[in-house]
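Hi,

Here is the structure I promised to pass on. Have a look at it first, and my notes follow below.

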Amino acid sequence: MDISANRLLVVDDQPDILDFVGQVAESVGYEVRLANDAAQFREAVRSFRPTLMLLDLQMPQTDGIELIRELGATGTRASILISSGMDQRVLQSAEQLGIAHGLKMAGFLQKPIMLADLEAILGQHLRAPRVPTEDELRRAIDRAQLLVHYQPKCMLADGRWTVVGVEGLIRWEHPEFGLVYPDAFIPLAEKTGLIAALTDFVLQEGIRQLGDWRAQGTDLDLSVNLSPHLVRELDFPDRLSDLMRGHALPNARLTLEITETAALEDPARTRDILTRLRVKDFGLSLDDFGTGFSSLTQLYRMPFNELKLDKSLGIELHQSAEARTIVRSLVELAHNLGLKVCTEGVETAAALKFLELAGSDFVQGYYLGRPVAATAIPALAARSPALAAAG
Ligand code: C2E
Ligand code: MG
Ligand code: MG
């Protein structure tokens, strides 16, 4: 997965032009955001982080020149194209103004916009996909560009799905590319060893956050993903206990999610560490079960207390009888082994209803809540009793 999405922001007061440019840009390979006034435009510059903008010079309330001046102040690194029906000299002087404000001016489009011109200019600015480099990731850690989002984890209580915990999921707020998701950089972090620093960050940040929520009256459990490569340090269980104690939190509040490949690397050492984590009362969850090299052996040899069914199973539930059969059987298997089950990828009411009947102890998925910033969690948790079990 790469980090350089091509995001085009178009501002124009004419809806038909917005539609036209939007459609062409999408067909060329852009993610597109349309704005028909200055307020929408300002909001989109902040939240959408365009890599390319197309500005209309003449609009009723705010003209393109004012927007260029404003953009100069934001320090945006996006390339800027201007469009207008006015003559070349006006366009050129607007471009000079942009350059004077330190903007990356990318040329202009004469109105009426011709399809061939538009396709050509958008094509020229399309950036090739690229993966992040080790240096960039190292800088991200040093410069505090990492952050944690939290996805609600729900349990059935009195016939209602209630938020009882969250899974901490790392994000990278890249200055140029915007929010980058873990699939684009976890493999790199694992290859370079930066995964240790990254995991420390998630643990520290997540545990601190748990303490803060608790102080505000929202008592939750936290799950954190632990890379297989980190289940090597023998003092890890003790360090983690110290961290929890520092925030006056019982160890049982924290669950570590590990993918099944983890256990395969050095079974004796892995078992030593995992067993001591359980002895200290931390939760241990076998993550992404049902994908790749599922090893049933690890399930009963290692001291897991939760089985987390991969989101690909949850997503299929509403349309696949096979997925339903597999999930039903895995829930039964896990329960027979004394494990709790959490099903991920719950995207529909039908899937939730099925899981209720199948006896999945916990559920997680977009239907119940997407990963969000920490500040959004207390409100989600507070209103969760209102989320009646589906059906
Ligand atoms: P995961 O641990 O299985 O996390 C669940 C992923 O599924 C998350 O993606 C989440 O956004 C996504 N998801 C949740 N509900 C739904 C749903 O209903 N539908 C769909 N389509 N997707 C859903 P995300 O945040 O992109 O994380 C991807 C993976 O990156 C995680 O999978 C985990 O393996 C890894 N990861 C995330 N944070 C960390 C971390 O701090 N350390 C390590 N080592 N790995 C991490
Ligand atoms: Mg996980
Ligand atoms: Mg998972």
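**What turned up**

F185 is buried, with a relative accessible area of 0% (buried means under 20%, exposed over 50%, partly exposed in between, with a 1.4 Å probe and protein chains only). This is a predicted model, where local features need pLDDT of at least 70, side-chain atom pairs count only at pLDDT 80 or more, and totals for chains, interfaces and linings use all residues. Residues are numbered from 1 along each chain as its sequence is written, chains are lettered from A and ligands numbered from 1 in the order in which they are written, and side-chain values use heavy atoms, leaving out hydrogens and water.

The whole structure holds 2 aromatic pairs (Phe, Tyr and six-membered Trp rings with centres within 6.5 Å; planes under 30 degrees apart are stacked, over 60 edge-to-face, the rest tilted). Y150 and W213 have ring centres 5.0 Å apart and planes at 75°, so they are edge-to-face. Both Y150 and W213 are buried. W172 and F185 also pair edge-to-face, at 5.6 Å centre to centre and 90° between the planes.

E344 is buried at 11% relative accessible area, while D288 is partly exposed at 26%.

Best wishes
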